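Q: I've got a model open and I'd like to learn how to read it feature by feature. Can we walk through it together?
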Amino acid sequence: MSTEIKEQEQIVIPDSLPLLPVRDVVIFPFMIVPLFVGREKSIGAVDMALAKDRLVFIAAQKDMTKEEPDVNDLYTTGTVGVVMRMLKLPDGRVKILVQGLSRAKIDKFLQEKPAYVVSIEKVKDVTVSQMTLEIEAMMRNVREQLEKLSSLGRVISPEIMMIIENIQDPGRLADLVASNLGLKVDDAQKLLEIIDPVKRLEKVNEYLVRELQVSTMQAKIQSQAKDEMDKSQREYFLREQMRAIKTELGEIEEISEEIDEIKKKIKKAKMPKDVEKEALKQADRLEMMHPDAAEATLIRTYLDWLVEIPWSKSTKDVLDIKKAKKILDEDHYDLEKIKDRILEYLAVRKLQEKIKGPILCFVGPPGVGKTSLGRSIARAMGRKFVRISLGGMRDEAEIRGHRRTYVGALPGRIIQGIKQAGTNNPVFMLDEVDKIGSDFRGDPSSALLEVLDPEQNFSFSDHYLNLQFDLSKVMFITTANLLDPIPSALKDRMEVIDLAGYTEEEKLEIAKKFIIERQLKEHGLNEKLIDLTDEAIKMIISQYTKEAGLRNLEREIASICRKVARKVAEGKKELANVTLKNLHEFLGISKFPPEDEQEADEIGVATGLAWTSVGGEILFIEATTMKGKGSLTLTGHLGDVMKESAHAALSYARSRAKELGLNTDFYKELDIHIHVPAGAIPKDGPSAGVTMATALISTLTKTPVSKDVAMTGEITLRGRVLPIGGLKEKALAALRANIKTIIVPERNKKDLEEIPKDIRKKMNFILVNHMDDVLKVALKKKPKIAPPPRRKPVKMTIKGRRTNAVAR
C-alpha cells in the first residue's frame with residue numbers, strides 16, 4: 001500500500017454515490033489501495049463512478065463469505081473514494097486503484113439494480129485545536145512502537161515511515177498507521193467509526209501494543225527454534241567426532257554397521273509415526289550399550305519383531321465376485337449360506353474401500369469343513385491364511401503377549417500370526433473357540449473381546465510390543481463345535497453361522513467330487529486302478545460311518561485305497577471294482593448296522609427324534625403299564641429335563657382322562673414305566689415331550705402308534721407343543737430310517753427353509769400346535785378326543801340374591 005495526501009477541498013462530494021461493497025478490507029481516508037472487482041453489482045458501481053465524477057462510496061461486508069450481500073450485510077459507516085485508475089482483466093474482472101477521501105455514513109439506499117446507489121451523510125474530520133503534551137506524547141509513542149514492530153519483521157515501507165514522521169495531525173496519523181497494521185475487518189471498522197481523532201489514536205495505540213506483544217512472542221519462538229537447530233547441529237558434529245575416534249580405535253565398525261542396518265530396516269518397514277519413533281529410540285539405546293550387555297540382546301530381539309511385523313503391507317483383495325464364487329464352489333460343495341456371506345462382503349468391499357473386516361463364527365460338528373472353508377475363503381479373496389488353535393488355552397498372555405520384563409518374553413499368538421502371514425489383512429482363523437479354559441494366569445476369552453470387537457481392535461495393544469496395532473483390516477473367523485460354552489460377551493461380537501451335518505446325498509457328491517480324487521492322489525493311484533460305485537459309497541456312509549461330517553468317510557475311502565495300492569505294489573495292476581457286494585472284503589463287516597425297522601404298529605412305542613453333536617438320531621420311546629399303586633418309573637439314563645418332560649406328559653394324560661376314554665383315577669391302580677433305549681447312552685433335552693406323551697397315551701388307551709411317523713416337540717401341562725432346535729439334523733435322521741412323515745411344532749415352520757429342497761420334497765412335515773393334533777396323526781386307531789366339556793352354570797347366592805355363574 002502507499003499513501004498520497006490530497007487536499008479534500010479540491011473534490012466536491014455529492015449527496016448520492018454508487019456503493020462498492022468490499023469483503024476483507026476497510027478503506028481509511030488518504031489510503032490508496034488496489035482492488036479486484038468481480039461481482040456484477042460491484043462492476044456496475046465502478047462503471048457508474050467512471051461515467052460521472054469517479055467517486056464511489058466504499059463499505060465493508062459484515063460476512064465476507066456472502067457472495068451477494070444485501071442491505072443488512074453492509075456496515076453503514078464507510079469511506080468516500082476516488083477511482084484513480086481502472087484496468088479490465090481477461091477473465092471479466094476489473095482492477096481499480098482507489099484512494100480514500102473522507103468518512104461518510106449511509107443515509108438510505110436509493111437504488112439496488114444494476115448497482116447499489118446510496119444517499120450519504122458526510123462526516124467532517126474533527127481537527128485538534130491545541131496540541132497538548134499528552135497528545136504529543138501519544139503520537140511519539142505510536143511512531144516508536146511502529147518502528148519496533150518494523151524491526152521485529154513487520155513489513156512497512158520506508159516511504160510510509162517517512163510520511164508518518166512528518167504527520168502532525170493525530171487523526172490522520174491514526175488512519176495511516178491503522179491502514180498498515182493489517183487489522184481484522186471488525187477491528188478496522190471500529191476504528192473507522194471513531195470520529196474523535198484523539199480517541200482514534202488511543203485505540204490505534206492499543207492495537208499497536210497487542211501487535212507488538214504478538215510479534216515479540218513470535219520472534220522468541222523463532223529464536224528458540226534456531227537455538228534447537230544449532231544444538232542439533234552441534235550434537236551431530238560431536239557425534240561425528242566421537243564416531244571418528246571410535247573408528248580409529250576399532251570399536252565402532254561392527255556395532256555401527258548393525259545399527260545402520262537396523263535403522264534402514266525401520267525406515268523400510270513404513271511404520272506408523274509413534275512406532276517408528278519408539279523403534280529409533282530403542283536403536284539409539286542399543287547404540288550406546290556395550291554389545292555384550294544382557295539388555296542389548298533383549299533390545300535386538302524387540303527391534304527384530306518391530307521391523308518384521310507388516311505394519312503397512314497389505315494384499316490386494318480379489319474383487320471379482322464371479323471368480324471368487326468359482327473358487328469357493330471348486331473347494332466346497334453346497335454351503336451356500338456361507339458362500340453368499342463372503343461374496344456379500346466382497347461386493348461391499350468393492351463399493352466401499354474402507355470397511356471393517358467381518359468376524360464370523362462357524363459352528364458345527366467335527367468334520368463338516370469349518371477349517372478348510374476358512375482356507376478356501378482366503379484363496380477366493382486373494383489373502384494370506386493364518387490359523388491358530390485355542391483349544392486348551394489358559395494363559396491370557398497367549399493372546400496379549402508377555403511383558404518384556406520377563407525372561408523369554410514373546411508377543412501373543414495374534415501378533416505372531418500377523419508376522420507369519422506377512423500382511424496386515426490376512427484371513428485369521430481361531431479354531432476351537434469353545435474350548436478355551438481359564439485359571440490363575442487369566443482368562444483368554446476375555447482377552448479375545450478386544451481382538452474380536454471392530455470398535456476396539458483398530459488399536460490392539462500387545463503387552464510385548466507395548467504399541468498399538470490395527471487389526472480392523474483382518475478377517476477373523478472362529479470355529480466351534482458347540483455354541484453354549486462360548487461366553488455371551490464373546491458370542492455377541494461374532495456373526496454366528498451354523499454348519500449342520502451333510503445329508504447322504506451331499507456326502508455322496510462330496511466323496512465323488514473331492515474325497516476320492518484327493519485320496520487317489522495321496523496313494524499314488526488313478527481312476528484306471530480303482531472304481532467305487534455310488535451304491536458302495538452310500539453303504540460306506542450309512543453302515544461304516546456315523547457322523548455329521550466327513551472325516552470317517554475319508555478314512556474308510558483311504559483304507560480302500562491302501563488295500564488297492566498294496567495290490568498294485570505287488571504287481572496286480574488290474575482295475576479294482578468296489579461294489580455293494582464286495583465292500584466287506586475291503587472294510588470288513590459293517591460297523592453300524594441299520595436300526596431294525598418296526599415291522600408293525602405297536603402299542604406304547606413311539607418314534608422320537610434327537611439331536612447329537614454328530615447329527616440327528618431316532619429314538620424308540622417305550623411305555624408300559626402294570627397293576628400297582630400309581631408310581632412312575634423312568635429308565636434309559638435320562639437327564640433332569642427329560643424326566644420333567646415325562647412327568648408333564650403324565651399330568652397331561654391325567655388332565656384329559658375323560659376325553660381319552662380313561663377313568664379319572666386310572667393312575668391309582670397302575671404303575672407306569674417309560675424307557676428310552678439304549679440305556680448306556682446319556683440323554684437329555686425337552687424335545688422328547690410329545691413322543692413320551694404319545695407312547696404313554698398309546699399304552700393307556702391300547703391304541704397302536706404308526707411306525708411311519710416320527711415326532712419332536714416340547715409339551716406343556718396344557719398340551720401346547722413348543723418349538724425345538726436341530727430340525728434339519730432330526731429330519732435327516734428320520735430320512736435315514738426311512739420315515740417320511742414328521743410331526744414338528746408349528747413355530748418351527750421357519751426352520752423348514754434350512755432343510756434342502758430335495759429333502760423337503762421326499763418328506764411330509766405336519767405342523768402342530770397342540771398335543772391333540774399329534775395324537776390324531778400318530779395314533780393308528782384314533783381315539784375319540786372330545787373337546788373340553790362346557791362349563792355348566794351353577795347357582796350361587798350373593799347377599800340374598802340367586803344368580804348364575806360359570807364355575808372356573
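**Reading the model, feature by feature**

A: Buried means under 20% relative accessible area, exposed means over 50%, and partly exposed is in between (1.4 Å probe, protein chains only). In this chain, buried residues make up 46% of the 808 residues. Keep in mind that this is a predicted model, where local features need pLDDT of at least 70 and side-chain atom pairs count only at pLDDT 80 or more, while totals for chains, interfaces and linings use all residues. Residues are numbered from 1 along each chain as its sequence is written, and side-chain values use heavy atoms, with hydrogens and water left out.

Q: What radius of gyration does the chain have, and what would a compact globule of 808 residues have?
A: The radius is taken over C-alpha atoms, and the globule rule is 2.2 Å times the number of residues to the power 0.38. A compact globule of 808 residues would come out near 28 Å, but this chain has 47 Å. Along the principal axes, the C-alpha atoms fill a box of roughly 135 × 110 × 55 Å.

Q: How many helices and strands does the chain have?
A: Both are DSSP runs numbered from the N terminus: helices are H or I with at least four residues, strands are E with at least two. Here you get 25 helices and 29 strands.

Q: What share of the contacts in the chain comes from residues 24 or more positions apart?
A: A contact means heavy atoms within 4.5 Å. Taking contacts with a separation of 6 or more, residues 24 or more positions apart account for 73%.

Q: What about surface and charge?
A: Accessible areas come from the Shrake-Rupley method with a 1.4 Å probe, and for residues only the protein chains shown count as cover. The chain exposes about 44000 Å², with carbon and sulfur atoms supplying 50% of that. For charge, Lys and Arg count as positive and Asp and Glu as negative, leaving out His and the chain ends. Each charge is placed at NZ of Lys, CZ of Arg, CG of Asp or CD of Glu. There are 131 positive and 123 negative side chains, and the centres of the two sets lie 7 Å apart.

Q: Is T77 buried or exposed?
A: T77 counts as buried because its relative accessibility is 6%. You'll find T77 in strand 5 (residues 77–88). Leaving aside residues up to four places away in sequence, T77 touches F57, A104, K105, Q189, L192 and E193.

Q: How many aromatic pairs does the structure hold?
A: Rings of Phe, Tyr and Trp (its six-membered ring) pair if their centres lie within 6.5 Å; planes under 30 degrees apart are stacked, over 60 edge-to-face, and the rest tilted. The structure holds four such pairs. One of them, F109 with Y116, is edge-to-face, at 5.6 Å centre to centre and 75° between the planes. F109 is partly exposed at 24% relative accessible area, while Y116 is buried at 4%. Then there's W311 with F469: the ring centres are 5.3 Å apart and the planes sit at 55°, so that pair is tilted. W311 lies in the loop between helix 9 (294–308) and helix 10 (321–331) and F469 in strand 12 (residues 468–469), so the pair ties together parts 158 residues apart in sequence. Both W311 and F469 are buried.

Q: Where is D317, and what does D317 touch?
A: D317 lies in the loop between helix 9 and helix 10. At 7% relative accessibility, D317 is buried. Beyond residues up to four places away in sequence, D317 touches R349, M381, R383 and N425. For a sense of span, D317 and I194 are 123 residues apart in sequence and 68 Å apart in space, C-alpha to C-alpha.
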